[in-house]
Amino acid sequence: MLARIFACEVIGLEGIIVEVEVDTTQGLPGMVIVGLPDAAVQEARERVRSAVKNSGCVFPQRRLTVNMAPADLKKEGPSYDLPLAVALLAASEQVPLIEPTQLFLGELSLDGSVRHTAGVLPMVGVAVERGIRQVFVPRDDAPEARLIEGAEVYPVGTLGELVDHLRGERRISPFEQLATADLDEPVFAHDMSHVRGQEHVKRALEVAAAGGHNILMTGPPGAGKTLLARTTPSILPRLTRAEALEVTRIYSVAGMLPSDTPLATQRPFRAPHHTISHAGLVGGGRFPRPGEISLAHRGVLFLDEMPEFGQAGLEVLRQPLEDGIITISRAQGSVTFPAKFILIGAMNPCPCGYYGDTTRPCTCSESAVSKYQRRLSGPLLDRIDIHVEVPRVEYEKLAGEKQAETSAVVRARVEAARQVQQRRLQGTKIACNSEMGPAEVRKHCVLTPPAQQLVKAAMQQLGLSARAYHRVLKLARTIADLAGAAEIGPAHIAEALQYRPPIRG
Ligand SMILES: Nc1ncnc2c1ncn2[C@@H]1O[C@H](COP(=O)(O)OP(=O)(O)OP(=O)(O)O)[C@@H](O)[C@H]1O
Ligand SMILES: [Mg+2]
């Protein structure tokens, strides 16, 4: 008897429908899988055998041939366990034949329970697009599957439950509850008002958030760099629904969605430690999973103690910083994950940390200082628009009573500035000022005559390169947008000039 069933595979962030056929024939009992199965799918045989036996069914004592199509796609990953089990139960007439409007996915335990499986969101997404609306997914992943409009989601706890359902003995009720994501009232662990003093750093972070600019903070130990960076999620513009779904898809494939509240409601803030592996940072693995830089998509990637990440770790950031994507090459062709984030870096100015500090002498040699600073390569520094020094806070400011601005107030300004940019850049692929190329800069960065004079003088006196010139204009655009100004004035240019990188020794 021949049984056909739909299963699914994820490559990168895309789901691909796979057809599984099982045929039972006379001959020596055994199971052969053809159609380019990966070793992980071969392993499924053993899991399926145990799960079937432990679910009150019989593993057929006949010859089983399994074919997976399309034949040119390498089948990998553990989501095939459940469809394989169902198909062979159908082929051996233990459950009725399966409708072509049904999709099954999930990893099986030996005892027959169905385990949380990564990538449910893109898999259910592609199924519904193809008109396969009834999806049987692991119980834990039902809320995630329900995010796809038009999906009829059946949460499966065990293979036994599913068998009862298919036989019509005890129906599984469809998962109804729509995940209600509250995109309006985010709660944050760190608020900008908790940070005393450092007004100019807060301002720089506000500009970074408003225009999507990368920022590097340099300062002595204990000045508050880490604390300041951790307040940034609270001033970022809220996620739109489209962005929330994008972020959710990445976390789905990473297998990192919380099952109770699957839809992302906040912009990600990722702070990997500098000892992280290459695959952990950029993504990869046997079934390529997104790394930290993709988990930071639409949010912040915070690299604390940035020089410690080393040359190799930092060089891989160049492609994502330039194109907003990361390409991972592997034996079966490359996969691409999105990686568009605001980079926030923090570092000490030298190995001991006190170079340039007013109260404590630096114990490093000049050569040690410059060697340390050179760990960040020129091309990388070029992609960081804002450079800001974070000096130690004086006692008066730390102990002072002065109430600082809350993040909510700052965020309101950031969101207003983003709206101006969205209107201006409508119809392009560019979302914010930092992404403008030379053509957009020429079109949108209109300077008043005094501002033109100031830029000209700065170019000559500071010896700014063409690239630095563009960087200043983009930053000035964001600063003018925060001020609600249509044209860029001299004050905007002057502030933008302050954020240029220091001359490194
Ligand atoms: N401006 C500030 N307002 C309030 N508390 C502060 C401020 N700066 C530092 N602190 C306090 O000092 C602690 C250390 O600050 P933080 O870890 O941010 O320093 P850092 O600049 O990252 O130092 P390091 O270079 O050693 O990493 C903070 O957790 C906070 O309690
Ligand atoms: Mg720190």
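Predicted model: local features only at pLDDT ≥ 70, side-chain atom pairs only at ≥ 80, totals over all residues.
User: How many cavities of 30 Å³ or more does a search of the whole structure find?

Analyst: As a general idea, rolling a probe the size of a water molecule over the atoms shows where empty space is left. Here the search of the whole structure finds 4 cavities of 30 Å³ or more. The largest cavity has a volume of about 220 Å³, and 19 residues line the largest cavity, with V10, G77, A118, F287 and R289 closest to its centre.

User: Which element gives the largest share of the lining of the largest cavity, and how do the lining residues divide by class?

Analyst: Strand 1 (residues 2-11) supplies the largest share, 4 residues. The lining of the largest cavity comprises 10 nonpolar, 5 polar and 4 charged residues.

User: What is the volume of the second largest cavity, and which residues lie nearest its centre?

Analyst: Its volume is about 80 Å³. Of the 11 residues lining the second largest cavity, F188, L236, P237, R238 and R267 lie nearest its centre. By class, this lining holds 6 nonpolar, 2 polar and 3 charged residues.

User: Which residues are closest to ligand 1, and which atoms of K225 and G222 lie 2.7 Å from its oxygen atoms?

Analyst: Ligand 1 is surrounded by 16 residues, the closest being R196, G222, K225, T226 and L227. For G222, a polar backbone atom is 2.7 Å from an oxygen atom of ligand 1; for K225, a polar side-chain atom lies at 2.7 Å from a ligand oxygen. The protein covers 67% of the 630 Å² of accessible area that ligand 1 has on its own. Helix 7 (residues 225-230) gives the most to the shell, 3 residues.

How values were computed
Residues numbered from 1 in each chain as written. Chains lettered and ligands numbered in written order. Heavy atoms only, no water. 1 Å grid on protein atoms, 1.4 Å probe; cavity = no way out; pocket = protein on both sides within 12 Å on 5 of 7 lines; lining within 4 Å. Points joined across faces, edges and corners; volume = space filled by probe spheres on them. Helix = DSSP H or I, 4+ residues; strand = E, 2+ residues; numbered from the N terminus. Nonpolar A, V, L, I, M, F, W, Y, C, P; charged D, E, K, R; others polar. Near = heavy atom within 4 Å. Polar contact = N/O pair within 3.5 Å; in protein donor to acceptor, adjacent residues only side chain to side chain. Areas by Shrake-Rupley, 256 points an atom, 1.4 Å probe, with all protein chains shown as cover.
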